[in-house]
Number of protein chains: 2
Amino acid sequence: MANITKKVSWSSRDDDLAQGEGTALLNGATGAARYTRQFSGGSIFRIGRLSTVDLEEEITTEEEAILSRPKEIPHNEKLLSLKYESLDYDNSENQLFLEEEKRMSYMGFRCLEINRWVVCGLIGFLTGLIACFIDIVVENLAGVKYQLVKQNIEKFTEVGGLSISLILWALLNSVFVMVGSVIVAFFEPIAAGSGIPQIKCYLNGVKIPRVVRLKTLVVKVCGVICSVVGGLAVGKEGPMIHSGAVVAAGVSQGRSTSLKRDFKIFEYFRRDTEKRDFVSAGAAAGVSAAFGAPVGGVLFSLEEGASFWNQMLTWRIFFASMMSTFTLNFFLSIYHKKPGDLSNPGLINFGRFESDSVAYNLYEIPIFIAMGALGGVLGALFNVLNYWLTIFRIRYIHRPCLQVMEAMLVAAVTATVSFAMIYFSNDCQPLVQDQAEEYPLQLFCADGEYNSMASAFFNTPERSVRSLFHNTPGSYNPLTLGMFTLSYFFLACWTYGLTVSAGVFIPSLLIGAAWGRLFGILLATITSSGSIWADPGKYALIGAAAQLGGIVRMTLSLTVIMVEATGNVTYGLPIMLVLMTAKIVGDYFVEGLYDIHIKLQSVPFLHWEAPATSHSLTAREVMSSPVTSFNRIEKVGTIVDVLSNTSTNHNGFPVVNEYIDNTEPGKLCGLILRSQLIVLLKHKVFVERARSCLNQRKLQLKDFRDAYPRFPPIQSIHVSQDERECMMDLTEFMNPTPYTVPQETSLPRVFKLFRALGLRHLVVVDNENRAVGLVTRKDLARYHLGKHGLEELQLAQT
Amino acid sequence: MANITKKVSWSSRDDDLAQGEGTALLNGATGAARYTRQFSGGSIFRIGRLSTVDLEEEITTEEEAILSRPKEIPHNEKLLSLKYESLDYDNSENQLFLEEEKRMSYMGFRCLEINRWVVCGLIGFLTGLIACFIDIVVENLAGVKYQLVKQNIEKFTEVGGLSISLILWALLNSVFVMVGSVIVAFFEPIAAGSGIPQIKCYLNGVKIPRVVRLKTLVVKVCGVICSVVGGLAVGKEGPMIHSGAVVAAGVSQGRSTSLKRDFKIFEYFRRDTEKRDFVSAGAAAGVSAAFGAPVGGVLFSLEEGASFWNQMLTWRIFFASMMSTFTLNFFLSIYHKKPGDLSNPGLINFGRFESDSVAYNLYEIPIFIAMGALGGVLGALFNVLNYWLTIFRIRYIHRPCLQVMEAMLVAAVTATVSFAMIYFSNDCQPLVQDQAEEYPLQLFCADGEYNSMASAFFNTPERSVRSLFHNTPGSYNPLTLGMFTLSYFFLACWTYGLTVSAGVFIPSLLIGAAWGRLFGILLATITSSGSIWADPGKYALIGAAAQLGGIVRMTLSLTVIMVEATGNVTYGLPIMLVLMTAKIVGDYFVEGLYDIHIKLQSVPFLHWEAPATSHSLTAREVMSSPVTSFNRIEKVGTIVDVLSNTSTNHNGFPVVNEYIDNTEPGKLCGLILRSQLIVLLKHKVFVERARSCLNQRKLQLKDFRDAYPRFPPIQSIHVSQDERECMMDLTEFMNPTPYTVPQETSLPRVFKLFRALGLRHLVVVDNENRAVGLVTRKDLARYHLGKHGLEELQLAQT
């Protein structure tokens with residue numbers, strides 16, 4: 001078994017490590033064929049059956065498949081990309097680090113702790129400000145747009161020729177969306193979408209390139225404003241989570257690499273460990289600002305990110321969340337000229353539900369559960385459709401121009417559909433003063449009435465949700481709701497995945513609220529028993545929860561978010577039940593939307609536990625081997641050569657004690673990272689130089705921090721031929737106590753250690769403490785439970 | 001440095017390990033003297049200063065201190081007790097285990113997962129039932145008591161001679177409390193108090209003896225009924241958490257050792273890993289039933305327990321919480337003859353706060369923060385007083401009879417104080433129909449009026465809290481509230497720590513609500529600006545939060561609990577701010593109440609992180625060494641002798657490969673537990689027997705599970721002289737891949753590994769993979785940050 005696995009283990013290379021002849025051949029001719037095999041589909045196999053397959057033969061036949069490659073990989077959720085690296089959540093406790101820690105007094109640690117609180121406060125404050133900015137700009141721009149179109153429609157309703165209004169509307173939408181799409185497609189493609197999948201990955205420990213840059217934030221904020229004002233079926237809530245995360249990554253580092261400003265503060269936090277903690281806080285602050293849900297924000301961060309729960313960290317996250325919702329609330333209250341009124345804790349506000357103690361009754365619970373199941377089914381349908389669409393996009397719409405054009409097309413279609421719906425609807429409702437419609441369209445209705453369909457379409461989605469929750473029974477007729485649900489469902493599904501920054505939370509809520517309200521109305525009609533069924537708003541809320549749960553599949557955090565957004569815990573229990581049902585039913589068909597997109601990106605995402613049936617695998621089979629190690633005192637030339645080898649591109653190297661006679665490998669004595677070696681080479685920390693010029697400055701931890709996180713590539717470092725003969729002493733800089741496991745350790749055990757400590761490299765040692773292999777994220781992420789038991793994903797270089 | 005630490009390291013022995021001459025001497029004469037040193041106070045030292053102290057001399061002088069020992073240890077929070085063992089959260093992945101896992105199909109794992117959900121459902125259901133039972137019994141018994149006393153008072157108010165009423169009241173209280181105290185003191189002392197400190201310890205990974213037994217549950221439930229009915233200043237909420245935990249530990253094992261019934265179900269869950277997960281769910285279910293706060297329950301369990309956050313586990317905990325609150329609600333609704341009315345989600349119900357969107361205003365926030373600070377100060381005062389009282393009790397009131405007498409005394413005094421307060425109060429209020437008073441006492445008031453002081457005292461504390469929150473402004477006059485706060489503060493402080501089962505949540509809330517309401521009234525008087533200050537109930541709520549936060553120092557979970565109990569998230573932000581302020585201010589003076597009691601029990605409690613300044617310590621200094629190891633094939637006699645050695649009483653033993661020539665220790669190849677060895681000895685799994693009778697049954701994992709958790713002591717296992725010469729092959733049973741660290745690993749790194757994975761033993765190996773030491777919980781828990789930097793606690797056998 002072990003032998004067989006060895007035979008194929010070249011296909012399990014990893015950017016962190018990827019060692020052995022297999023990968024080394026990737027550049028050569030044979031390598032090209034073998035490399036292709038990774039893409040050629042047929043090699044997804046059951047581990048258990050491996051022993052009976054003659055792999056060599058399989059490879060030979062597959063070499064012929066090289067030309068047909070593009071057709072055989074319509075999508076890539078069966079691959080793991082090697083382009084993603086891991087965050088280093090484990091501190092490298094080398095001598096420099098330990099000396100610094102020992103030098104620090106107790107007061108020093110207290111100051112650090114206070115600094116952490118200050119940073120979290122700043123994160124919350126800035127995230128709140130950004131949310132406030134987005135809210136105000138969107139409200140004003142959308143107001144201008146809707147006024148313009150409304151006046152135009154009113155003008156042409158009387159004189160005829162409403163098609164001009166339609167063109168105006170579609171044009172306005174398209175222009176906004178075009179701007180939003182152009183900046184995303186051409187300047188920062190990572191800012192597309194809600195950013196939640198990316199943040200999930202980041203919190204999971206995957207370094208997604210460019211995801212927490214300032215430029216991303218700017219594009220994201222402008223993009224989301226454009227797409228919401230452009231009338232797409234999107235929300236501005238999801239992007240807030242991404243924005244919060246970027247703010248956190250920026251503030252905590254006390255400098256901006258993009259702006260080339262270094263404020264010389266928070267230098268201690270310039271490493272992955274601290275940064276990731278702050279990014280959790282930022283994501284929580286984002287959720288908090290988006291939904292006015294500080295506790296929900298904390299839970300979101302924990303549910304999606306933290307494997308290791310730390311009380312102090314949780315409180316800081318909580319503090320950031322509070323600051324964020326409070327800041328937003330405060331500035332919005334000033335903007336709304338009611339300073340001190342704390343009733344706008346989030347971007348979306350579900351409005352206040354009646355705090356009636358008998359808001360629902362016991363016999364309604366089965367109905368809620370049924371709605372949850374329906375939400376699960378509809379959510380799964382949404383996800384499947386969006387999955388197909390995304391694959392289509394990956395295949396055919398990958399050029400920025402095409403992406404912009406698609407976005408504009410969707411904007412125009414959205415306007416047209418809305419217009420058609422409004423035009424052909426004859427659902428007239430009397431105008432009531434206290435309702436949420438800000439732009440009531442009279443259209444063909446009698447005076448003092450407004451078009452009910454228009455109130456659903458002719459509004460920002462947040463307002464529409466609120467109307468569906470709170471308008472008095474009878475504000476919408478069933479046909480309106482049905483048509484609205486149907487059209488909005490497909491519009492939202494088409495929209496998610498466009499090259500614009502926008503979220504899927506609000507459209508989901510809106511779809512759910514519409515069919516939920518419809519459900520409530522039908523229920524009231526069927527039973528016609530009055531009082532308790534009278535409020536369709538309640539069913540709108542439950543439907544919204546069901547639909548959202550069916551699409552995104554969060555439970556605990558989403559429950560709390562919904563409860564906080566409704567401002568009332570009465571509906572806590574039904575919302576929980578609904579979300580759980582939606583998740584269970586939905587999971588039966590397909591994964592959650594974010595997980596689908598993560599998989600399509602081939603991100604090596606680590607789940608909570610190793611697959612249940614993976615006890616038969618051990619570290620020996622999982623690890624990449626043999627490893628490239630360095631001696632404790634190593635020749636510079638060797639180091640440069642290893643680092644320059646683009647075919648392997650390793651990031652971590654075990655350090656071993658000198659070979660005794662070069663026949664057997666030495667004992668493991670440490671682990672050193674590529675980034676550390678780069679800094680050492682850059683500063684030319686060679687043994688000979690230290691001897692020759694005694695006053696050479698000793699390298700400090702600060703030098704490593706200054707280079708973080710964008711360490712220069714090895715190609716940019718010039719090493720002369722003389723210097724190549726020098727020696728480098730790694731003792732001081734390597735992590736002398738890397739975590740290790742023996743070769744016999746089972747996969748779940750390796751997984752647990754890796755996940756619990758957020759490791760990047762785990763050294764596998766033999767009985768004599770010699771490094772025989774390295775386990776990295778990709779070695780663990782590639783095992784997953786498929787329909788036929790344990791499956792192994794293939795690794796790909798893209 | 002290392003040498004010095006070695007010199008004193010005999011004082012750092014541990015039940016799990018405790019190896020070396022130091023501890024071995026504990027039984028001898030010199031040992032006795034040295035042992036005393038552990039108690040003799042003076043040896044609390046700064047690690048940093050150690051090198052200048054001549055320890056040998058110190059020991060000599062301290063030998064004389066032996067007689068004065070009791071006086072020098074007034075309390076024991078500077079010691080760590082050796083009587084507590086760790087839970088084994090790390091699976092022993094031996095061959096038996098791996099074979100079983102490999103045999104299991106994917107469906108098998110699915111079934112297990114479903115079983116876990118079933119168990120959690122059962123836990124929630126039973127916990128809810130217990131809560132319901134307690135609630136109904138307390139309500140009825142207290143009703144009878146108050147009716148009796150009320151009639152009596154009314155009778156004697158007219159004819160004079162109210163002292164008879166006082167005697168009746170005091171007598172009734174004392175009798176109830178006596179019953180409650182007797183069962184606790186004589187039958188199950190662990191059932192005393194709220195049980196929250198014990199559950200915190202259990203979730204932290206400390207095995208507190210008898211804490212999750214059925215007997216404990218029975219005594220706890222009866223005890224809490226008696227003490228609440230007995231009119232003590234206690235609540236019935238805290239004990240629910242303990243009850244839930246016991247239910248969880250019982251249900252998940254599918255058998256009762258006390259009742260000697262084995263239902264042959266859930267056998268897979270018979271190990272510490274699974275059991276601890278279920279106990280988390282039970283504790284959450286308890287919180288949920290107590291406060292109607294399912295999310296709060298989950299957060300409580302996580303905040304207090306889980307170091308490793310697992311999504312699936314969290315959802316199961318959530319499910320148990322939901323089931324619990326739902327069950328309670330459902331049965332209470334039937335009991336109250338309003339089936340289907342879901343307005344009683346918890347034992348305590350804060351009543352519904354007005355869901356007004358401008359419930360508080362921005363400028364009130366500083367006031368809330370000030371109240372939080374006041375709560376912190378008052379909480380710290382409470383804790384300090386209770387700390388002194390507890391030390392007094394440890395010293396003088398340790399016999400059960402005395403404990404019962406103290407409890408009765410408190411009951412009588414409580415009645416007397418209440419009576420005096422009511423008697424001398426002249427705060428008469430008009431009777432209003434819809435207020436919460438169920439037993440309005442007219443006493444000396446005019447007809448149609450009732451005594452306001454009586455309504456605070458003459459009621460279960462839950463009702464009093466509700467009246468303070470909701471009664472119309474003016475129901476209480478300031479003097480009444482002031483007197484009530486003062487007297488109740490001291491009564492509650494005296495009561496906590498009595499030998500009765502009862503909680504401190506409700507008394508804290510009550511005290512806080514009283515002074516909070518007083519604060520609100522005074523504020524309204526001072527500003528006299530009407531409307532916004534008009535509602536003292538709001539201030540009562542904030543005061544309650546502040547006081548509770550100041551005493552127990554929970555933040556995130558308590559915020560959510562309070563929000564869920566008020567049924568309204570409007571007050572979320574102020575409650576958060578208040579709780580955080582209370583914690584920060586309180587922590588400045590003294591620790592939280594539960595932590596104080598945990599420390600006084602000398603429990604080796606692991607905090608979230610190692611002390612900040614402990615980077616200078618390495619595994620070498622921390623570990624216990626040398627270790628007693630076994631060979632892979634070991635003589636039975638050796639094993640029996642080691643296990644029988646009462647002076648060491650180790651629980652885990654590294655297994656090493658055979659010594660080559662007995663001069664150097666062998667390579668580490670596994671770890672075996674005492675419990676495993678005991679089972680092996682009991683079943684006589686000897687190499688010779690296996691050879692002689694070929695058909696001997698192979699030992700199964702089931703045999704280990706059947707013996708769990710009460711493994712027989714080594715003394716009960718008879719091993720004949722012949723058998724002592726046999727050999728035992730440990731290969732199949734040991735954990736072949738224990739986690740290891742090198743000797744140079746820093747303490748924070750060791751701590752992180754230990755805490756994140758919930759380990760019990762961590763083997764320290766040298767460069768050649770030889771076991772040189774073992775780190776256990778006590779080796780880590782004994783370092784803490786004191787006023788003078790890093791301090792080391794002493795270890796004690798008691």
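Contact here means heavy atoms within 4.5 Å of each other. The views show a predicted model, in which local features need pLDDT of at least 70 and side-chain atom pairs count only at pLDDT 80 or more, whereas totals for chains, interfaces and linings use all residues. Residues are numbered from 1 along each chain as its sequence is written, chains are lettered from A in the order in which they are written, and side-chain values use heavy atoms, with hydrogens and water left out.

**View 1. Surroundings of Phe469(B) in the largest nonpolar core.** Leaving aside neighbours within four places in sequence, Phe469(B) is in contact with Phe350(B), Phe353(B), Ala513(B), Arg517(B), Gly537(B), Ala540(B), Leu541(B) and Ala544(B). A nonpolar core is a set of buried Ala, Val, Leu, Ile, Met, Phe, Trp, Tyr and Cys residues joined through side-chain atoms within 4.5 Å, where buried means under 20% relative accessible area (1.4 Å probe, protein chains only). The largest such core has 321 residues, and those that touch the most other members include Phe350(B), Phe469(B) and Met562(B). A second, separate core of 54 residues includes Val741(A), Val764(B), Val775(B) and Leu780(B).

**View 2. Ser324(B) in helix α14 of chain B.** Helices (H or I, at least four residues) and strands (E, at least two) are DSSP runs, numbered from the N terminus. Ser324(B) counts as buried because its relative accessibility is 0%. Apart from neighbours within four places in sequence, Ser324(B) is in contact with Gly124(B), Thr127(B), Gly128(B), Ala285(B), Ser288(B) and Ala289(B).

**View 3. The salt bridge between Asp90(A) and Arg749(B).** The N to O distance in this pair is 3.0 Å, and a salt bridge requires a side-chain nitrogen of Lys or Arg within 4 Å of a carboxyl oxygen of Asp or Glu. Four salt bridges are found by this rule across the interface of chain B and chain A. Among the elements that give two or more residues to the side of chain B that touches chain A are α7 (106-159), α14 (311-335) and α31 (747-757) of chain B, and the largest share of that side, eight residues, comes from α14(B).

**View 4. The interface of chain B and chain A.** In this interface, 88 residues of chain B are in contact with 88 residues of chain A. The two chains bury about 7900 Å² between them, 67% of it on carbon and sulfur atoms, buried area being the accessible area (1.4 Å probe) that two parts lose on being put together, summed over both.

Technical notes
Buried < 20%, exposed > 50% of the residue type's maximum accessible area, 1.4 Å probe, protein only.
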